[in-house]
Amino acid sequence: MAKRDYYEILGVSRTASEQDLKSAFRRLAKECHPDRNPGDEDAEQRFKDLNEAYEALKDPQKRAAYDRFGHAAFDQGMGGRGHAGFGPDFASSMSDIFDDLFGEFMGGRRGGQRRGSSRERGADLRYNMEITLEEAFEGKAAEIRVPTSVGCDTCSGTGAKPGTKPTTCATCGGMGKVRASQGFFTIERTCPSCLGRGEVIEEPCASCAGAGRVTRERTLQVNIPAGVEDGTKVRLVGDGEAGLRGGPPGDLYIFLSIKPHSFFQRDGADVFCKVPISMTTAALGGQIEVPTLEGAASRVKIPEGSESGKQFRLRGKGMPVLRSKAVGDMYIQVDVETPKNLTRRQRELLEEFERESHKETSPESAGFFARVKDFFDNKTG
């Protein structure tokens with residue numbers, strides 16, 4: 001009986017991509033897998049045919065040979081493997097489909113425990129810390145209290161009652177895995193007796209109930225470097241949760257947030273400060289003193305005729321750059337304040353000033369309203 005075309009078995013065209021082949025194989029293999037069709041010999045044969053077809057076409061060199069010579073490319077003497085297709089590399093060809101079909105059994109492939117290991121790493125922990133902008137500028141040494149799991153002192157982290165020790169699991173012989181036959185497959189799964197640890201505790205420690213760890217509050221010292229930004233993470237290696245039964249501890253991650261400041265806004269390494277100034281200072285010029293993150297005051301010269309929004313740069317007065325000797329700048333933005341709650345005399349002086357004003361004192365407003373006048377003159381003309 002002539003063998004069916006491999007492309008026909010997989011239900012794809014000869015121009016199908018590698019991803020198309022894989023998708024077709026996964027879909028059809030799930031449908032006709034012997035475990036889903038117990039006692040169905042046709043389904044078992046279709047599954048074998050699918051394996052053979054996919055094994056031949058997934059490899060670019062084998063596929064090229066098949067496209068040129070057909071099934072003869074795999075006859076004995078041409079690098080063939082015979083009809084069954086279960087050579088030494090069969091497990092490799094099935095690696096993708098195994099994840100879909102048997103993920104719940106394949107502990108090692110789905111992030112399960114290492115074979116025969118009772119030393120499980122502890123979980124990583126997160127701690128949220130809020131600091132001021134000044135603390136981010138200078139750096140900070142802080143003390144924090146973290147509730148976490150620590151190694152049990154009674155059993156020294158073994159989980160076993162003092163004077164005893166864990167014994168090798170009789171079910172898996174310390175491997176942490178057991179094997180079971182599924183049709184013509186041998187499936188490896190986590191040992192149900194020791195849960196993959198390879199050991200069992202016959203007499204658990206009374207203090208930790210066999211876990212090898214207990215919950216306590218720890219006091220830790222944290223050094224916050226100068227220049228940290230909002231959202232920076234500080235990692236404390238080994239200060240996370242203790243591992244199960246003497247396993248290595250996890251890490252502690254401190255997530256930093258910076259409180260809003262009453263004067264300053266930060267943009268990377270640069271700092272911005274908005275300063276209100278009087279109308280007379282803006283018009284006549286002068287000097288103002290502004291605060292800096294260093295805690296000292298810095299003088300800024302305001303030139304005559306300054307307008308709202310004008311910025312002045314103070315070099316090197318910004319934030320330090322983390323893990324660098326560079327320092328940002330500070331920008332002072334002036335905001336001209338309009339006088340309010342005028343006395344009668346102040347109003348008279350301003351009115352007198354208005355009468356004495358001309359185009360040179362307010363060139364922008366004079367120019368704008370001159371253009372407005374021309375606009376309406378052209379409309380009416």
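Residues are numbered from 1 along each chain as its sequence is written, and side-chain values use heavy atoms, with hydrogens and water left out. As the model is predicted, local features need pLDDT of at least 70 and side-chain atom pairs count only at pLDDT 80 or more, whereas totals for chains, interfaces and linings use all residues.

The secondary structure of the protein chain consists of 10 helices and 15 strands; helices (H or I, at least four residues) and strands (E, at least two) are DSSP runs, numbered from the N terminus. Of the 381 residues in the protein chain, 33% are buried. Buried denotes under 20% relative accessible area, exposed over 50%, and partly exposed the range in between (1.4 Å probe, protein chains only). The protein chain exposes about 23,500 Å², of which carbon and sulfur atoms supply 48%; accessible areas come from the Shrake-Rupley method with a 1.4 Å probe, and for residues only the protein chains shown count as cover. Among contacts (heavy atoms within 4.5 Å) between residues at least 6 apart in sequence, 64% join residues at least 24 apart.

V234 has I254 as its bridge partner in β9.

In S156, phi is near 60°; S156 is found in the loop between β2 (140-151) and β3 (167-168). S156 counts as exposed because its relative accessible area is 64%. Phi of R323 is also positive and near 60°, and R323 lies in the loop between β14 (311-314) and β15 (330-337). With a relative accessible area of 75%, R323 is therefore classed as exposed. S23, by contrast, is placed in helix α2 (residues 18-32) and counts as partly exposed because its relative accessibility is 36%. S23 and L10 are separated by 13 residues in sequence and by 9.6 Å in space, C-alpha to C-alpha.

The largest pocket has a volume of about 840 Å³. On a 1 Å grid over the protein atoms alone, a pocket is an open set of points where a 1.4 Å probe fits, with protein on both sides within 12 Å along at least five of seven lines; lining residues have an atom within 4 Å of a point. Grid points are joined across faces, edges and corners, and the volume is the space filled by probe spheres set on the points. The lining comprises 22 residues, of which M279, A283, F353, T361 and S362 lie nearest the centre of the pocket. At least two lining residues come from each of α8 (279-284), α9 (344-356) and α10 (363-380), and α8 gives the most, with five. By class, the lining divides into nine nonpolar, nine polar and four charged residues. Ala, Val, Leu, Ile, Met, Phe, Trp, Tyr, Cys and Pro count as nonpolar, Asp, Glu, Lys and Arg as charged, and the others, Gly among them, as polar.

Key:
Two strands pair if DSSP finds at least two bridges between them.
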